[in-house]
Structures are given as structure tokens and as C-alpha cells.
Amino acid sequence: MSKKPGRRLLGQNRMLWLLDALERDPGRDQLIDMLGARVRALPLGRVRDVLHGTWLGHPVHPMAIHLPLGSWMSAAVLDVKPGRSRQADLLVALGLAGAAPAALSGLVDWAELRREQQRVGLVHAWANTAAVGLYGASLVMRLSGKGAKGRVLGYLGLTAVGVGGLLGGHLAYRQAAGANHAEEVPHVVRDGWHRVGGVDDFPVGEAVRCVVDDVPVLVVRESGGEVHALAERCSHLAGPLSEGTVADGCVQCPWHGSVFRLSDGWNVEGPATAPQPAFDTRVVDGHVEVRLPGDGVPDTVEGAATAGATPGTDGGRTS
């Protein structure tokens, strides 16, 4: 039987199959629970947010790995030349020194991930730990005059780093660990004012979930009458902020404890590294309306009407 022109059989991607199986395997969950609890119990204080990258706007870990990875790859190039290279020895040592902060930043991020992400992240950490052990042994061999064995151990270490990098890429790009889960909000919500409910629908100090253009929005009315609105899905891992705690002008995510300022969405505490998209708000004829800031629509009641923000069409409260 002949094949149809222009068609080809698509085989299953074996690598993706293995990675998906790793995500689903619960065999290490007990170890994950124990390690995660211990990492979260570390008395790091504000250093924890520094390691998460709250100050940077994205995770620190991907940036921190450049020092050990670059050093070890450079050492591998120098090791191609015959004889001992003191420069390669120095690069191996430099990579080992940079591995500690890279590992610590990755560890605090890993403790705040979803279970499937943690399963992959644990093997990622094992691979990198093996790489550190191999490079440590390589440095000992080099310094003791056994350069050939040191080079072999170094190349084995680089192989382990490659495996760890593959798993790290799966975490970042397939599982979206460390990504901003609220980034799409400004690109999905249409310009203009959107009516989300009457003022009385928003009890003072309580978090209420509304929907605008299929995007969940958190609305909080303060005792002074001021109304705040943020994207409702946490930028860290899309946790439901409407189920979180509202206090001191902030809302805390119920999943991993990220704290966001209601007035502008700023991430006051991690693990979230990106702020929440914040909406402009106003009250018109006893109804609360929200819009994306700077959308170009005139800030008048007439402007809201021409923008199509009529009750029951652009937004509404959800139970």
C-alpha cells in the first residue's frame, strides 16, 4: 500500500515521552516533601527574595548559572591541548566557586514550584550535583599532578551539566517554571472601560473575582471608598489571588505566599518576581468600571460609553 504524497509518518518524540514520564512519576514525592519543607524553613529572611530575584524582575538562577557553566566550558576547550593547563585548573575552581550561589538560588525557587515541576527539578538538581562532584574530583586530580584523569573527570562533569541543562530547559520552556504567568493580560483585555459590578457587590476589604474579556480580575474596595483592581492570577504560578488574604493594602497569594500591593500590583514579597498587571478604576452611577492604564480612551463617562463598556457585555462578577 503506497503512502499518499506529501504525508509522512510522525513518530513519537522519545525525549518528550521520557520527560513527561518523569513529571508523572510520584516515586520521589516523599523526598520532595521533606526537602521542600526544609528549604522553606531555612532562616533566610529577606535574602530569600534576593535569591528569588524579586529585585531583578525575573529569577536569579538562570543568570547565576552562567559563571560555572561558562568557566567549565572554557576549561573543556583548554583541556583539548596536550599537557597541563593552569588556566583550565583556575577555570574549574572558579566554576566550583560559582556553583554554590547558583544552586542556592535554584533551590529556593524549586521549593515553591508545582509538584510536576518539582519532580523534574529534583533530577535537574541531581545532575548538577553530580557535575559539581565530578569537577571537584577533577580539580583534586589536576592539583595532584594527574592531569589526564582530571581532564576525563572534567568532561564527565560537563556531560552531567548538559543533562542538567536539558532538564532546566524543560522546566523553563515546557513547564513555565519562573515565567511570568500574568504577562498576557495587557494583550488580551480590550481597550476602554469595562463595568464589573455595582459598588455594593464589593464588600469593603474583601477580594472579589470578576471577569473582563475572559481574564480574571481581582477587585478590592477599601473603607475610604477607593477601589483597586489587579489581574487575579498570580504572576508566579497563576494562583487565585481572590482566595488570598487582603491586609495592609496588599493581597497575599494563597498558594506560595507572594504579596502584591493593591494600588499598583507591585510584588512586595516573593517568590513572584513580576508584578501583577494593575487596572485603572472608577465609579460611575454606582457601578465599578476598570480599564488598562494608558489605553488611550478618554477618561470621561462619555468615553466609557463609546468604548462599549456596558453592563453584561465586557465584564461581570463571578461567584
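**Figure 1. The protein chain as a whole.** Start here to get your bearings. The predicted chain holds ten helices and eleven strands. Of its 319 residues, 44% are buried. Counting contacts between residues at least 6 apart in sequence, 59% join partners at least 24 apart. The accessible surface comes to about 16700 Å², and carbon and sulfur atoms account for 60% of that area.

**Figure 2. Asp-201 in its loop.** Asp-201 sits in the loop between β1 (194-198) and β2 (207-212). Is Asp-201 buried, partly exposed or exposed? Its relative accessible area is 30%, and because partly exposed covers the range between under 20% (buried) and over 50% (exposed), Asp-201 counts as partly exposed. Look also for His-287: Asp-201 and His-287 lie 86 residues apart along the chain, yet their C-alpha atoms are separated by 9.1 Å.

Figure 3. Met-15, Trp-17, Leu-18 and Leu-166 make a nonpolar surface patch of about 370 Å². Which helix gives the most to this patch? Helix α1 (residues 14-24) does, with three residues.

Figure 4. Now zoom in on one residue of the patch. With a relative accessibility of 41%, Leu-166 is partly exposed.

How values were computed:
Residues are numbered from 1 along each chain as its sequence is written. This is a predicted model: local features need pLDDT of at least 70, side-chain atom pairs count only at pLDDT 80 or more; totals for chains, interfaces and linings use all residues. Side-chain values use heavy atoms; hydrogens and water are left out. Helices (H or I, at least four residues) and strands (E, at least two) are DSSP runs, numbered from the N terminus. Buried means under 20% relative accessible area, exposed over 50%, partly exposed in between (1.4 Å probe, protein chains only). Contact means heavy atoms within 4.5 Å. Accessible areas come from the Shrake-Rupley method with a 1.4 Å probe; for residues, only the protein chains shown count as cover. Patches are made of residues with over 30% relative accessible area and no salt bridge: like charges are joined within 9 Å, nonpolar side chains (Val, Leu, Ile, Met, Phe, Trp, Tyr) within 5 Å. A salt bridge is a side-chain nitrogen of Lys or Arg within 4 Å of a carboxyl oxygen of Asp or Glu.
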